[in-house]
Amino acid sequence: MKSVFSATLRVPSARRPRLLLLAAVCALAAAGPLQAQAPAAPVAAANQDSSIVLTGKDGWLFPAWGSLTEVDSAAVARNTALIAEAQRTLAAAGVKLQVLVLPDKALFYEDKLPDGKRLGDAVRGRYALELEGLVNAHVPAVDALQAMRQVKQGGQEVFYRSDQHWTQPAADAVAAAVAAKVKEQVPTLAGQAGSGMPLGSEIKERRFGDLAELFLTDEQRKAIGRDTFTVRRQAEQQSLLDDAPAPVHVTGHSMVQPYFGFPQKLSNLIDRPVSVNWKPGNVGHWVMLLEYLESPAFKQNKPQVLVWQMFEPSYPQGPDARGQWDNASIMTPEQWKARLHKALGQ
């Protein structure tokens with residue numbers, strides 16, 4: 001698995017997401033420690049009325065910076081149109097786009113929400129609304145919700161209790177769905193068979209989830225307790241450097257970082273190198289795509305398939321969503337489109 005602006009990012013025997021973030025910082029010049037995927041806000045004591053974290057039943061924590069009941073369907077439609085324009089522009093440059101929308105944690109654990117909190121029908125249907133819009137716009141997209149539901153129905157958790165990120169079984173299942181779509185889009189990938197990433201052995205580590213670590217007081221964190229994270233070791237036969245071009249690239253936020261195993265599993269399944277650029281925090285998927293398309297890495301080696309990962313709750317937030325993305329990421333839709341076309345030489 002390749003980092004965007006360097007040779008392959010080696011996946012260490014996993015310690016914490018922050019260790020992998022440090023590696024990504026060196027490769028991507030991304031600043032700051034691992035942050036929650038939320039609007040900038042001071043760390044505050046979490047309780048059921050917090051604007052940052054909802055403390056639910058059995059110590060389950062949920063991001064609280066989005067509505068549980070309302071969906072801006074007009075904004076969803078506007079942003080789908082922007083995504084469709086990106087798909088057409090990339091296609092003209094010889095790159096196939098695949099959109100990966102990851103579902104909200106609360107869809108799987110509504111029964112763990114605090115007493116008096118429940119999802120509205122609009123939010124329950126938001127993922128279907130977004131996916132249907134992409135399908136109608138002829139944008140290839142994976143139904144990650146269905147893939148993760150199958151994992152949950154099989155008795156495995158798909159999100160960590162005190163963390164906003166997915167579990168390895170969930171990441172693996174979605175990687176399998178993405179790999180199938182990649183093979184459908186490009187039956188014959190460039191590169192050599194046998195160049196995919198071998199998967200190392202699994203290890204367990206106990207630590208606080210990011211929602212607990214970042215947004216709870218010491219007393220609250222102690223009451224919530226640690227979660228057990230399952231991660232993969234670096235495979236012994238995986239070399240530190242691998243200069244083979246990657247025919248598939250993944251751009252997104254912290255869900256696709258190597259710590260949670262998605263890019264490694266995808267590389268293993270398609271049997272080719274996979275490159276990835278990601279940043280934590282409230283940077284947003286709009287600027288992440290541009291950063292990759294404007295990078296020397298893209299110009300030197302255009303992938304055959306570009307997987308653009310985004311998050312269901314933030315899908316309605318366009319590139320101009322002030323108060324949601326950090327100030328450096330804010331731009332008008334017109335500015336975003338102009339940078340998109342310029343990066344692709346159109």
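Predicted model: local features only at pLDDT ≥ 70, side-chain atom pairs only at ≥ 80, totals over all residues.
A residue counts as buried when its relative accessible area is under 20%.

Figure 1. The chain holds 12 helices and 10 strands. Its exposed surface comes to about 14,400 Å², with carbon and sulfur atoms supplying 50% of that area. Take contacts between residues at least 6 apart in sequence: 78% of these join residues at least 24 apart.

**Figure 2. Helix α2 beside helix α12.** Here we look at α2 (residues 73-92) and α12 (residues 333-343), whose axes come within 11 Å and cross at roughly 10°. Angles under 35 degrees count as roughly parallel, so α2 is roughly parallel to α12. From α2, the contact is made by Leu 82, Glu 85, Ala 86 and Thr 89. Facing them from α12 are Pro 333, Trp 336, Lys 337, Leu 340 and His 341. Sorted by class, the α2 and α12 contact has five nonpolar, two polar and two charged residues.

**Figure 3. Strand β6 and its two faces.** In a regular strand, side chains alternate between the two faces of the sheet. You can follow this along β6 (residues 202-207): Ile 203, Glu 205 and Arg 207 make up the covered face, while Glu 202, Lys 204 and Arg 206 belong to the uncovered one.

**Figure 4. Strand β6 paired with strand β7.** β6 and β7 (residues 227-232) pair in the antiparallel sense, over six bridges. For a handy landmark, find Glu 205, whose bridge partner in β7 is Phe 229. Glu 205 is also one of the residues on the covered face of β6.

Definitions and conventions:
Residues numbered from 1 in each chain as written. Heavy atoms only, no water. Axes fitted to C-alpha atoms, helices over the stretch in contact; angles between N-to-C directions. Helix = DSSP H or I, 4+ residues; strand = E, 2+ residues; numbered from the N terminus. Parallel < 35°, antiparallel > 145°, perpendicular 65-115°, else oblique. Contact = heavy atoms within 4.5 Å. Nonpolar A, V, L, I, M, F, W, Y, C, P; charged D, E, K, R; others polar. Buried < 20%, exposed > 50% of the residue type's maximum accessible area, 1.4 Å probe, protein only. Pairing = 2+ DSSP bridges. Areas by Shrake-Rupley, 256 points an atom, 1.4 Å probe, with all protein chains shown as cover.
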